[in-house]
Amino acid sequence: MMVFTRAGEEAASSDAALERIRAAKAFPKAMLHPSIADTVWSALMRGELSDAVLKSFRAVEEAVRAAGGYGDDEVGVGLMRRAFDPDKGPLSDKSHPKAEREALAHLFAGAIGSYKNPHSHRTVNLTDPREAQEQVVVASHLLRIVDARRP
């Protein structure tokens, strides 16, 4: 007698479910920053795509707050702009040209504004596993930048 696992039953029930499972299993956990790898990869495997994205970008916000020495009341896009301010931000690398420092501040602010905020303020029905994977890879990259900028 054969018994399907929950994932097996789900895969057998629809092509979309099978594709989600294939995409999740094909995504290498090693692509993720160590601070989010376990929780985010597990969420992706379970198909909890919105949770994976929110957890990834919340980790970015928390890492920036800690690395920049900011309090819990500093949040979101404003925090990113202050932390990476091209002239006085504690996480801005003054050895880079000003235009690049500005671009990095925009990248962090835009990522938080575009990927974290929607998930923080409303229910986002993210259904494409690849899109969620791409977003968490962006968060992982941002976390690696913060690691490199820690005082």
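Which residue does Arg46 form a salt bridge with, and how far apart are the closest N and O atoms? The partner is Glu48, and the closest N and O atoms are 2.8 Å apart. Some notes on this and the rest of the model follow.

1. **Ground rules.** This is a predicted model, in which local features need pLDDT of at least 70 and side-chain atom pairs count only at pLDDT 80 or more, while totals for chains, interfaces and linings use all residues. Residues are numbered from 1 along each chain as its sequence is written, and side-chain values use heavy atoms, with hydrogens and water left out.

2. **Overall layout.** Helices here are DSSP runs of H or I with at least four residues, strands are runs of E with at least two, and both are numbered from the N terminus. Along the principal axes, the C-alpha atoms fill a box of roughly 65 × 30 × 25 Å. Of the 151 residues, 42% count as buried; buried means under 20% relative accessible area, exposed means over 50%, and partly exposed is in between (1.4 Å probe, protein chains only). Taking contacts with a separation of 6 or more, 58% come from residues 24 or more positions apart, where contact means heavy atoms within 4.5 Å.

3. **Salt bridges.** Searching the whole structure turns up eight salt bridges, each being a side-chain nitrogen of Lys or Arg within 4 Å of a carboxyl oxygen of Asp or Glu. Back to the opening pair: Arg46 is partly exposed at 42% relative accessible area, and Glu48 is partly exposed too, at 29%. Asp147 and Arg150 make another salt bridge, at 3.6 Å from N to O. Asp147 is partly exposed with 37% relative accessibility, and Arg150 is partly exposed with 39%.

4. Lys116 and Glu61 form a salt bridge at 3.5 Å, N to O. Lys116 sits in helix α6 (residues 98–121) and Glu61 in helix α4 (residues 49–68), so this pair ties together parts that are 55 residues apart in sequence. Both Lys116 and Glu61 are buried. Through shared partners, salt bridges join Glu61, Arg65 and Lys116 into one network.

5. **The buried side of α5.** Which residues of helix α5 (residues 76–83) are buried? They are Gly76, Leu79, Met80 and Ala83. These residues cover an arc of only 100° around the axis, which puts them on the same side of α5; the arc is that of the directions from the helix axis to the C-beta atoms. An α-helix has 3.6 residues a turn, so residues three or four places apart point the same way. The cover over the buried residues of α5 includes α4 and α6.

6. **α4 against α5.** The axes of α4 and α5 are 10 Å apart and pack at an angle of about 40°. Axes are lines fitted to C-alpha atoms, for helices over the stretch in contact, and angles run from 0 to 180 degrees between N-to-C directions. The two helices are therefore oblique to each other: under 35 degrees counts as roughly parallel, over 145 as roughly antiparallel, 65 to 115 as roughly perpendicular, and the rest as oblique. Their crossing is left-handed, meaning that the near helix is turned anticlockwise from the far one by less than a right angle (right-handed if clockwise). Glu61, Val64 and Arg65 in α4 meet Gly76, Leu79, Met80 and Ala83 in α5.

7. **α3 against α4.** Helix α3 (residues 37–45) and α4 have axes that come within 7 Å and cross at roughly 165°. That makes α3 roughly antiparallel to α4, and the crossing is left-handed. On the α3 side the contact is made by Val40, Ala43 and Leu44, and on the α4 side by Leu49, Ala52, Lys55 and Ser56.

8. **Two leucines to look at.** Leu79, in helix α5, is buried with a relative accessible area of 0%. Leaving aside neighbours within four places in sequence, Leu79 is in contact with Glu61, Val64, Arg65, Tyr70 and Glu74. Leu143 is in helix α7 (residues 129–149) and counts as buried at 3% relative accessibility. With neighbours within four places again left out, Leu143 is in contact with His33, Ser35, Ile36, Ala59, Val60 and Ala63.
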